[in-house]
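Work through the exercises below with the model open beside you. Try each task before reading its solution.

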Amino acid sequence: MFELNELPKQKVKIYGKEYDVTKPTVRQLKIVQTKLTGEASSEEMIKFISDLGVPLDIVESLPAEHFKLLVEHLVGVGKN
């Protein structure tokens, strides 16, 4: 029998602290990919990452390059 019980999570370690982050749903991925190819505001992307489970204060304190890497990791940019 095939059964799905809960949203899958992944552990993300940021500066030595681990966070359980929900993997994005298909709907969330569609929305964020549209924003990535369009003109998403940084506030929208910060909210997206925070909604997945990374505390807002942590997201807002990341250097731009680390934020970009985190977004790419969570949405699977460049992965096959």
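Contact means heavy atoms within 4.5 Å. This is a predicted model, in which local features need pLDDT of at least 70 and side-chain atom pairs count only at pLDDT 80 or more, while totals for chains, interfaces and linings use all residues. Residues are numbered from 1 along each chain as its sequence is written, and side-chain values use heavy atoms, with hydrogens and water left out.

**Exercise 1. The overall plan**

Task: State which elements the chain has and in what order they run.

Solution. Start with the terms. Helices (H or I, at least four residues) and strands (E, at least two) are DSSP runs, numbered from the N terminus. The chain has 4 helices and 2 strands. Read from the N terminus, the order is β-β-α-α-α-α. Next, look at burial. A residue is buried under 20% relative accessible area, exposed over 50%, and partly exposed in between (1.4 Å probe, protein chains only). Of the 80 residues in the chain, 28% are buried. Finish with contacts: among those with a separation of 6 or more, 46% link residues 24 or more positions apart.

**Exercise 2. The two strands**

Task: Describe how strand E1 is joined to strand E2, and sort the E1 residues by face.

Solution. Two strands pair if DSSP finds at least two bridges between them. Here 6 bridges join E1 to E2 (residues 17-22), and the strands run antiparallel.

Now sort the faces of E1 (residues 9-14). Gln10, Val12 and Ile14 form the covered face. Lys9, Lys11 and Lys13 form the uncovered one. The general rule is that side chains in a regular strand alternate between the two faces of the sheet.

**Exercise 3. A threonine in E2**

Task: Decide whether threonine 22 is buried or exposed, and list what it touches.

Solution. Locate threonine 22 first: its place is in strand E2. Its relative accessible area is 17%, so threonine 22 is buried. Leave out residues up to four places away in sequence. Threonine 22 then touches Leu7, Pro8, Lys9 and Leu52.

**Exercise 4. The nonpolar core**

Task: Find which residues of the largest nonpolar core touch the most other members.

Solution. A nonpolar core is a set of buried Ala, Val, Leu, Ile, Met, Phe, Trp, Tyr and Cys residues joined through side-chain atoms within 4.5 Å. The largest one has 19 residues. Ile14, Ile49, Val54, Phe67 and Leu70 touch the most other members. At least two core residues come from each of E1, E2, helix H2 (42-52), helix H3 (56-61) and helix H4 (64-75).

Take isoleucine 14 as a case. Set aside its neighbours within four places in sequence. Isoleucine 14 is in contact with Tyr19, Val54, Ile58, Leu62 and Leu70.

**Exercise 5. One face of H2**

Task: Say where the buried residues of H2 fall when seen down its axis.

Solution. List them: Met45, Ile46, Phe48, Ile49 and Leu52 are the buried residues of H2. Down the axis of H2, they fall within an arc of 160 degrees, so they line one face of the helix. That arc is taken over the directions from the helix axis to the C-beta atoms. After H2 comes glycine 53, with a positive phi near 130 degrees.

**Exercise 6. Salt bridges**

Task: Count the salt bridges in the whole structure, then go through the pairs.

Solution. A salt bridge is a side-chain nitrogen of Lys or Arg within 4 Å of a carboxyl oxygen of Asp or Glu. The search finds 3.

- Aspartate 20 pairs with lysine 11, with the closest N and O atoms 2.8 Å apart. Aspartate 20 is partly exposed at 42%, whereas lysine 11 is exposed at 55%.
- Aspartate 51 pairs with lysine 47, with the closest N and O atoms 2.8 Å apart. Both lie in helix H2, 4 residues apart, about one turn of the helix. Aspartate 51 is partly exposed at 48%.
- Glutamate 72 pairs with lysine 68 at 3.1 Å, N to O. Both lie in helix H4, 4 residues apart, about one turn of the helix. Glutamate 72 is partly exposed at 24%, and so is lysine 68 at 43%.
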